[in-house]
Amino acid sequence: MKYNKLYHMVAALLVVMLLVLTACGSEPRQPQTPNETTVTGPEEIGEIYLYGEYHANEHLLQKELALWKDCYARGVRYLFVELPYYTAQYLNLWMQAEDDTILLEVYEDWNGSLSYNELVLDFYRSIKADCPETIFVGTDIGHQYDTTGTRYESYLRAEDQLNSEEYKRADTCVTQGRHFYGERDEEKQDTYRENAMVENFIAAVERLPAGTDIMGIYGAAHTDPTALFWGGTADSMAKQLAAYYGDKLHCTDLSELPAPTVTEEDFIVAGKHYTATWLGGEDASVWSQQYQSRTFWRLEGAYADFADAALTGDVLPYNNYPGEIETGQVFAIEMIRSDTGASEWFYYRSDGTTWNGLPTTVGFDPEA
């Protein structure tokens, strides 16, 4: 129906060298002994480098791998990840194993999530090959509690660790998972998870040796130190951590889609040419397993042509859009699928209507 150059510009994301120059400080640090733990307060920790992503994206995974290699070369060993505690511990067991049996068990447990992707497997295998002393630290709530969580607790019982601190940490994560998935109110779910991730993060940091630098990789909705989590029900993890750690926390959003070289393009919609103005793009994986990114375009002078087009029943409130929305505008939104990378297009117009008390655009079929 039309073309645009935005996703030909994805290569612009590969600006790794600019990032690694500032990643994890400028001076090497000596690696810490993995089993050495010392409770530390926020004033005693090292630097914390958080990177926001959208999940299972090849370009971002390559960026993250390069950033971790840079940190690793400087002596950093603790990589915080958006995984449950027990999943990260399983990965640590795999790091010491001779084969991929453990990794593949965990991978199968991820079936149905964005992590169930060969690119993710390659990412972890690269870390094991190139950064073998990496220690994964999981701070998410108990996803896969009935598979990975149950299996890890069985492993600990077989190792006679039922009464150990390790078992208590794993079981706490399982309990968080049960609570999260047992809650039917999505806003309460989101709030519970975000706050639990903060508690888990702080607890994990304070078990590390004093002065330890760390790197973390999380969905971009968790790493914005100035915003609410995407659902708007709680401050983001990074915002809460910034209040606790101050200027020791450093956040970089790797997921921000760059502006195309040309921010105006010619779109053909329903057989007619329109000038389309690029408004911005965002990570969609934090709220959708079906899509990885969303990009917004405004079709200039198109409202009169589509004012009577058939509505689809879909709505998109103004607060989803980057920038201000005015009545009498038309928007084309490109969604990139997570499974195939294919584009799907959706069209909205601003009629001055509201939905649930929010000013909203309404979806329409440009061919109808």
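In the predicted model described here, helix H6 (residues 145–158) passes helix H7 (residues 165–182) in a left-handed crossing, a term used when the near helix is turned anticlockwise from the far one by less than a right angle. Residues are numbered from 1 along each chain as its sequence is written. Because the model is predicted, local features need pLDDT of at least 70 and side-chain atom pairs count only at pLDDT 80 or more, whereas totals for chains, interfaces and linings use all residues, and side-chain values use heavy atoms, with hydrogens and water left out.

The axes of H6 and H7 come within 10 Å and cross at roughly 160 degrees, where axes are lines fitted to C-alpha atoms, for helices over the stretch in contact, and angles run from 0 to 180 degrees between N-to-C directions. H6 is therefore roughly antiparallel to H7, the word for angles over 145 degrees. Contact, meaning heavy atoms within 4.5 Å, involves residues of H6 including Tyr 145, Gly 149 and Tyr 152, and residues of H7 including Glu 166, Tyr 167 and Ala 170. The residues of this contact divide into 7 nonpolar, 2 polar and 5 charged; Ala, Val, Leu, Ile, Met, Phe, Trp, Tyr, Cys and Pro count as nonpolar, Asp, Glu, Lys and Arg as charged, and the others, Gly among them, as polar.

Arg 151, which also lies in H6, is partly exposed, with a relative accessible area of 26%, the range for this term lying between buried (under 20%) and exposed (over 50%), with a 1.4 Å probe and protein chains only. Leaving aside neighbours within four places in sequence, Arg 151 is in contact with Tyr 90, Glu 105, Val 106 and Asp 109. The C-alpha atoms of Arg 151 and Glu 105 are separated by 9.9 Å, although the two residues are 46 residues apart along the chain.

Helix H3 (residues 85–96) and helix H4 (residues 101–109) have axes that come within 8 Å and cross at roughly 155 degrees, and these two helices are therefore roughly antiparallel to each other. Their contact is made by Thr 87, Tyr 90, Leu 91, Leu 93 and Trp 94 of H3 together with Ile 102, Leu 103 and Val 106 of H4, a set that divides into 7 nonpolar, 1 polar and no charged residues.

An open sheet is formed by 5 strands with parallel pairing, in the order E3-E2-E4-E1-E5, where strands pair if DSSP finds at least two bridges between them.

Note on methods:
Helices (H or I, at least four residues) and strands (E, at least two) are DSSP runs, numbered from the N terminus. Angles under 35 degrees count as roughly parallel, over 145 as roughly antiparallel, 65 to 115 as roughly perpendicular and the rest as oblique.
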